Amino acid sequence: TLTGTGTYGVYIETENFIEIKNCNILNYSASIYIQSSNNLIQDTNVSGNNSGTGIALYTHPNAINDNNFNRIIVSNREYGIQFQGSGGYSNNSARRNIISNSNFNNNINGIYSDNGGTNYIYLYDNNIENNILTNITGWAIKLGSRSNRPIILPDNNFQNSTNAISLGQNNTITNLDLSDQNIQGIALKLQNGNNTHIENCNFSGTGTGTGIDFQDNATDVNIINNTINNRTQAITYGDYYTDTMTNHTINNNQLQNNNNAINLYGYIGPKTNNFTITNNQLQNNAAWALNINRSENITLSDNNFHSSTNAISLGQNNTITNLDLSDQNIQGIALKLQNGNNTHIENCNFSGTGTGTGIDFQDNATDVNIINNTINNRTQAITYGDYYTDTMTNHTINNNQLQNNNNAINLYGYIGPKTNNFTITNNQLQNNAAWAIILTRAENTTLKYNNFMYNGSQCSIVSALDANGNYWSDHSPCTGNYSFTGGSDNSPSCTIIN
């Protein structure tokens, strides 16, 4: 037994093949300090007094490889086992170390790798299995953004730890069930998580925390056949505007009863590109089922959004076709486009049960096609933003059925965005309680061959207006700076009132 308050209890610098067994080395700043390889530490207690490190592995200038830590006891430490590095060096690394059958109860962090600034440590093929990592107030396992291929087996116990696992890239995580572990923070974090495969895992919670959290960049990710229920966030994507998430497949997952199921974190989070989101159960989520509002080239099919408050929020360069949410009981927004440039929406049904919005455009949106869709029984069928400085340009709204709403096509707010070059043709705009169309800051609007029947009021368009061939009911056809002449039911001609 060694007990002290100095820097090191046992210091191993260059010697390899050292064995430490059946020892108590307590309360030092680092009970055991290792800067070499092929060592065995077994049946040893390296606990402390709520500070310092149980076992410190210093990875520079020599790599720390092939060490075996078995049946270690460490408690009341800031770090149980800590991989340390030297700032600015690219050859800080640790390979093929085994940490098994050990008890890391009641530490701030369990197994931890430095990862601050330039102090990167590259971890390859380290095996962490059958450990008790309970009641950890920070991270049970945090191996940072440069952890490549650490093997995290499903036999570790994370019970009542705040955050469970943080990894880097090139990892496959399968058959990991943390649903009964009471993880109140993050179950799994991927930092620079390129080439990650997550399958057959359960990261459900008790109403708080996050299931899977992606930070920094992540390319080529598969999230398949997982369950994440009862979380604040099921799957969340970073909080940095400059980050990019690319080529993610999210398939056949159950993400239910969360606040958000798939969510871009923060007001302006990372850019997401080439996401394929299919066959997921995204039900009963209190805020958003799918909120990735800086997204491009998203493929959506066969997802179930039933009874989530809001269904889908996307960004620009997206094509949304053949999406039917009419039986999904979406009480809020069915589809939101934020900076939705180059958007094509066709053959979709966003009808509701008397509340909410079918399609909501926020910020700016240029070159948009809304064709052959059905949006009935909504407060708003199609609505345009709430910022005076926003501009919506080159929108084609053709051959849609927008009936039995409060408003069919509506500029949201008293002074909403400016609309320019809108072509609104061949639409069924009937039985809308308030207005068929309100575009009070419009320019260069084409309004032809629409059916305006039995709306509370027909149109409020302040625009250079090309309007003929429409069919009007007996209600006043239009308000604004226009007078209509001709029959009230067919093809009124517009004259600008100077």
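Tyr8, Tyr11, Tyr33 and Tyr58 are joined into a cluster by ring pairs. Rings of Phe, Tyr and Trp (its six-membered ring) pair when their centres lie within 6.5 Å, with planes under 30 degrees apart called stacked, over 60 edge-to-face and the rest tilted. Go by that rule and you get nine aromatic pairs.

This is a predicted model, where local features need pLDDT of at least 70, side-chain atom pairs count only at pLDDT 80 or more, and totals for chains, interfaces and linings use all residues. Residues are numbered from 1 along each chain as its sequence is written, and side-chain values use heavy atoms, leaving out hydrogens and water.

**Tyr8 and Tyr33**
- The ring centres of Tyr8 and Tyr33 are 4.9 Å apart and their planes sit at 55°, so this pair is tilted.
- Tyr8 is in strand β2 (residues 8-12) and Tyr33 in strand β5 (residues 30-34), so the pair ties together parts 25 residues apart in sequence; strands are DSSP runs of E, at least two residues, numbered from the N terminus.
- Tyr8 is partly exposed at 37% relative accessible area, while Tyr33 is buried at 7% (buried is under 20%, exposed over 50%, partly exposed in between; 1.4 Å probe, protein chains only).

**Tyr384 and Phe422**
- Tyr384 and Phe422 make an edge-to-face pair, 5.3 Å centre to centre with 65° between the planes.
- This pair links distant parts of the chain, with Tyr384 in strand β37 (residues 380-384) and Phe422 in strand β41 (residues 418-425), 38 residues apart.
- Tyr384 is buried at 0% relative accessible area, and Phe422 is buried at 0% too.

**A charge over a ring**
- Arg95 puts its charged end over the ring of Tyr124, 4.1 Å from the ring centre (the rule: NZ of Lys or CZ of Arg within 6 Å of the ring centre and within 35 degrees of the ring normal).

Definitions and conventions: Helices (H or I, at least four residues) and strands (E, at least two) are DSSP runs, numbered from the N terminus.
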